[in-house]
Structure formats: C-alpha cells, structure tokens
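Subject: Structure for you, with notes

Hello,

Here is the structure I promised to pass on. My notes follow below it.

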Amino acid sequence: MSETATRTKTAITVAYGDGIGPEIMEATLKIIEAAGAALDCEKIEIGEKVYERGISTGIEPESWDSLLRTKVFLKAPITTPQGGGFKSLNVTTRKTLGLYANVRPCVSYHPYVDTKHPVMDVVIVRENEEDLYAGIEHQQTDQVVQCLKLISRPGSEKIIRYAFDYAIKHNRKKVTCFTKDNIMKHTDGLFHKIFDEVAAEYPNIENEHWIVDIGAAKLADTPENFDVIVMPNLYGDILSDVAAQITGSVGLAGSANIGENYAMFEAIHGSAPRRAGQNLANPSGLLLGAVLMLVHIGQPDVAEKVHNALLKTLEDGVHTYDLYKEGTSTRKVGTSEFADAVIERLGQRPEKLKAVTYNTQVAQTQPKQTWKTLPPRKKELVGIDVFLDWKAGTAQDLGQTLEGLSTDALTFKLVSSRGIKVYPDAFKEMFCADHWSCRFMAANGTITHGDVIALLGKFQDAGLDFIKTEHLCTFDGERGYTLAQGE
Ligand code: NAD
C-alpha cells in the first residue's frame, strides 16, 4: 500500500467563507483529496452570515473549539461588512492564535501569466501581530488622532529568526529587511538592530537592509534581485500585495499565517462577490494556501504532487477567465473544470515552468519561538512629556504659561506640536494644531512618580486639559525617546 493510503488523517478546520469562497474551497479540497491528502475536515461557519447574526468578530464562539483542537485552519475569503462595529476576522484570528508570521510566496509564471517580471520568486515574511496593527488608537483633541506603533524585542526577534530559518529550510540564499529607521529610530531602529544581531548567527545566508521606500521601489522594479524579505507588519501588508500583483495576478498567491501552536492558510485575495456562484473564480490562490498547509502538517509529498500538477495545468494553457488570453491559453474553463484539469495532471511535472520539490526536511516542525532574554537594563526616569488639548492662544502664550509651572524637581524645557519645537526660539508663523507636547526635564538627574504627580497638580490648577503623559527614560544611560525637531 502507498504511504498516502496508510497515513493517519490530520484533523483540520475548514471554513468555506463568502462570495467565491465556497466554490474555490470545494475545488481545492477535491484536488488535494484526489492527490491523497489524509485529512479529517471539521467545517465551521465564518463571515457575513455570522456578522449578520450580531457576532462582531464574524466567528461563533463554538468554532474556536474546533480551531483550538485541530490547530490548523484552511480558510476561504470572507466578505467584510461595511460600517462600524465589525472586527476584522483575520486580525482576531491572528491575535487569538498567536500567528506571528505571515508568509507569502510570490512567483511569476511567465509566459503563461502576463507579467513585467518574468523572473520573480520572492517570499515576503511579514510580522503579523505588532506595529500599527496593535489597533490602539485614540482621538486626543478635536483636530488630532493617534495610533500607537508598538515594536517589541521578542516579537521582532521571533519573526526575523523565522525568516532566516525559512531561508535555510527552503534553500534560499538571502534575507533582506525593510524598515524606515532613518525616521523611526526607536521602533524601526529596534527591528533593524535585531535583524543585524540575528543575521550574524546565520553566516551562510546573505543579508541586507534597505530603507523601505527605496526597497519597495527596487522590489517593484527588479524583484529578481530579492529572495526572502522580512518586514514589520504595515510595510509587509502593503508590499506583499504589491509583490503578488507584479507576478501578474493576486489571484494566484496563497499565504500561511504561522504561530507556535496554530496555523492558518488562505488565498491572499478576497471574496470577489461579483464573481460568486458563477463557476468563474480561479481556485489557484487557495490551492497554493492548501499546499503550504500540506507541507506544514507533514504531507510534503502530497503538496509537491498538487503544486506540480497546478503548474502543469497553467503551462498547458488551461486557464480561468482572469488568466485567459488569446494566443497563450488553450482552454477557458470554470472553477470546477479547472479543478478537474489539475486532478487529471496529478503525478505530472511541468516541463517549462520550474517544478517544485518539497522534501521532508522542508516539512515544518512547529517553528521555534525563540528570543534572547537579555538582563534588564538600568531604567531611569529623567523627564516627562505632558500632552495638552489647548486652543486658547499661540505657542508663545502657552510657553509663557508653562515657564511658571516648573517645580523643584522638573524644569520646563520646550513645547512641540506634531513633533516640531514651537517654543522657545521657533518661527512664530508655524502652524500648530490643538495638540501640544510640553517637555519637562529632571532638574537633578532623575525624578520620581511623585514628582510627575506634583507637576500634573500644577497643570490642573492652571486649568490646562492634559490628555496624556509620556515618561522620558534612559536605559543604561542611553536615551529612550526622540528629541523634537529643532530641540
Ligand atoms: P477581491 O480580492 O475579492 O477582488 C479583487 C478583484 O480580483 C476583483 O476584480 C475580483 O473579481 C478579482 N478576483 C479575486 N479573486 C479572484 C479569483 N480567485 N479568481 C478570479 N478573480 C478574482 O478584493 P475586493 O473586491 O477588494 O474585496 C471583496 C471582499 O473581500 C471585501 O468584503 C473584502 O473585505 C474581502 N476580503 C477578504 C479577504 C480575506 O478574507 N482574507 C481578503 C481581502 C478582501
């Protein structure tokens, strides 16, 4: 008996989603089962209908039982309802299951899929839990809202290490990091610093760093020069779509969301509601998500068979409407006929496109979630920024009021508005919003929380509407905050 016939079934949770979701999921499951995938599928409902029942997360509480039991989620796209009050199911799932790594292989299939970049085989590894996506936002004044960008050492080290381990397992040669640390010196600066530290542990993998703007331009222009790219959440979100699009079609890419104990696999496209129920959609994106899943659950032989049959189908010119082109394509097919064409080719390998090989070494054990625990550094409180909602006058008026608020422990230093110093010694014409940051520094080296409370008491007495404070600390003597422009 073949290995696949005797293999124990792996339980997975499957969601058929909305729009084209059910059609592409049926096609995907039919193909991978025909290829010998040993699966025990537990179906759950997610998306539009669940949202309509008033469940703001788009997933029933009982569905979590299945996910927590199987630990593997194959998910079709859902339609996100318009309007407030709904939470993104993807964000909820990623955070609840600790899916810290988003892995998106972006490959071009020239000449079968039109692309300006015939040679492209890039894997985007995106941090999935932190950065601006922590979702911590506040309206602070009439005019100003804020979103907190949080980057942690463990979160960054986990994703960067994942990218280097991925490169080794998949025989990749180079890992590139994109950040904007010339501007965000502390947040992106930490990500870049940890990239350099981790890269030093992998001497056989080439490494490089680009500022994200020029890096993105190079990726869009010469993707053939990139291999694995690791990025914080926001840049990764944007650039993984760009990378998928320039292969020729976002409809062809799958993605894996990986955590220490759980994993979720999906197509990168949405539910394409206008194409739903017409047997039109291309199932390749979800199928490639399922291929990543098969590798993850230790069925790399099945993954290889499916992936190569898909490449052979594309190469034979059997195309759904989104890829169909007179001259290149040989047959225009619907979703279910496409699935049948892939099934007919199971066991074949592409002749012109590069065939894939997934050996057992590639099959992923659960990723190590390692990060170094560093000894705590000496933290000293050396000042405070007090943020104000204030509309009663000019920067000069405010500065003069604040001069009178210094205490024995804290000396008024400056006022800034949106990061630029506006008092003292600043251009009088400078536009200031109603959002002000008032910096007070320790008069005698360090201060206590009591000193901060005493200062805030003086703000209260002066009738100033303080909206938040940020502590200014040093860590082993190193400044842990930015200076205002002009400070
Ligand atoms: P979309 O990806 O659904 O569609 C964009 C375009 O690509 C459309 O023209 C569509 O017809 C086409 N397309 C997408 N997938 C295709 C496929 N498999 N075969 C053929 N053509 C395909 O993006 P959208 O229109 O912006 O979003 C539609 C809905 O999907 C929205 O409600 C959005 O919130 C949701 N969405 C869900 C996910 C997810 O569940 N992971 C991701 C993105 C968008």
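Helices (H or I, at least four residues) and strands (E, at least two) are taken as DSSP runs, with numbering that starts at the N terminus. On that basis the protein chain has 14 helices and 20 strands. Please keep in mind that this is a predicted model.

**The chain as a whole**

The chain has 487 residues, and 53% of them count as buried. Along the principal axes, the C-alpha atoms fill a box of roughly 85 × 55 × 45 Å. Take the contacts with a separation of 6 or more: 77% of them come from residues 24 or more positions apart.

On charge, there are 52 positive and 64 negative side chains. The centres of the two sets lie 3 Å apart.

**Salt bridges**

Side chains of opposite charge can pair when their charged atoms come close. How many salt bridges does a search of the whole structure find? The search gives 32.

Start with Lys149 and Asp131. Their side chains meet in a salt bridge at 3.2 Å, N to O. Lys149 sits in the loop between strand 7 (145–147) and helix 6 (153–169). Asp131 sits in the loop between strand 5 (121–127) and strand 6 (137–139). The two residues are 18 residues apart, and the pair links distant parts of the chain. Are they buried or exposed? Both Lys149 and Asp131 are buried.

Next come Arg153 and Glu197, whose side chains form a salt bridge at 3.1 Å, N to O. Arg153 belongs to helix 6 and Glu197 to helix 7 (residues 187–199), so this pair ties together parts 44 residues apart in sequence. Arg153 counts as buried because its relative accessibility is 17%, and the cut-off for buried is under 20%. Glu197 is partly exposed, with a relative accessible area of 26%.

Arg439 is in strand 18 (residues 435–442). Glu487 is in the segment after strand 20 (478–479). Again the pair links distant parts of the chain, here 48 residues apart. Arg439 counts as buried, at 6% relative accessibility. Glu487 is partly exposed, with a relative accessible area of 28%.

**Aromatic pairs**

A pair of aromatic rings is described by the distance of the centres and the angle of the planes. The whole structure holds 10 aromatic pairs.

One of them is Tyr100 with Tyr162. This pair is edge-to-face, with 6.2 Å centre to centre and 90° between the planes. Tyr100 lies in the loop between helix 5 (89–96) and strand 4 (101–107), while Tyr162 lies in helix 6, so the pair ties together parts 62 residues apart in sequence. Both Tyr100 and Tyr162 are buried.

Phe440 with Phe459 is another edge-to-face pair: 5.8 Å centre to centre, 70° between the planes. Phe440 is in strand 18, and Phe459 is in helix 14 (residues 449–461). They are 19 residues apart, and the pair links distant parts of the chain. Phe459 is buried, with a relative accessible area of 0%. Phe412, Tyr423, Phe440 and Phe459 form one aromatic cluster.

**A look at Phe440**

Where is Phe440 found? In strand 18. Phe440 is buried, with a relative accessible area of 0%. What is Phe440 in contact with, leaving aside its neighbours within four places in sequence?

- Among its contacts are Gly383, Ile384, Leu402, Leu405, Ser406 and Leu410.
- The list also includes Thr411, Phe412, Lys413, Leu455, Phe459 and Leu472.

For a sense of scale, take Ala244, which is 196 residues from Phe440 along the chain. The C-alpha atoms of the two are separated by 48 Å.

Best wishes

Methods. Residues numbered from 1 in each chain as written. Predicted model: local features only at pLDDT ≥ 70, side-chain atom pairs only at ≥ 80, totals over all residues. Heavy atoms only, no water. Salt bridge = Lys/Arg side-chain N within 4 Å of Asp/Glu carboxyl O. Buried < 20%, exposed > 50% of the residue type's maximum accessible area, 1.4 Å probe, protein only. Contact = heavy atoms within 4.5 Å. Lys, Arg positive; Asp, Glu negative; His and termini not counted. Charge placed at Lys NZ, Arg CZ, Asp CG, Glu CD. Phe/Tyr/Trp six-rings, centres within 6.5 Å; stacked < 30°, edge-to-face > 60°.
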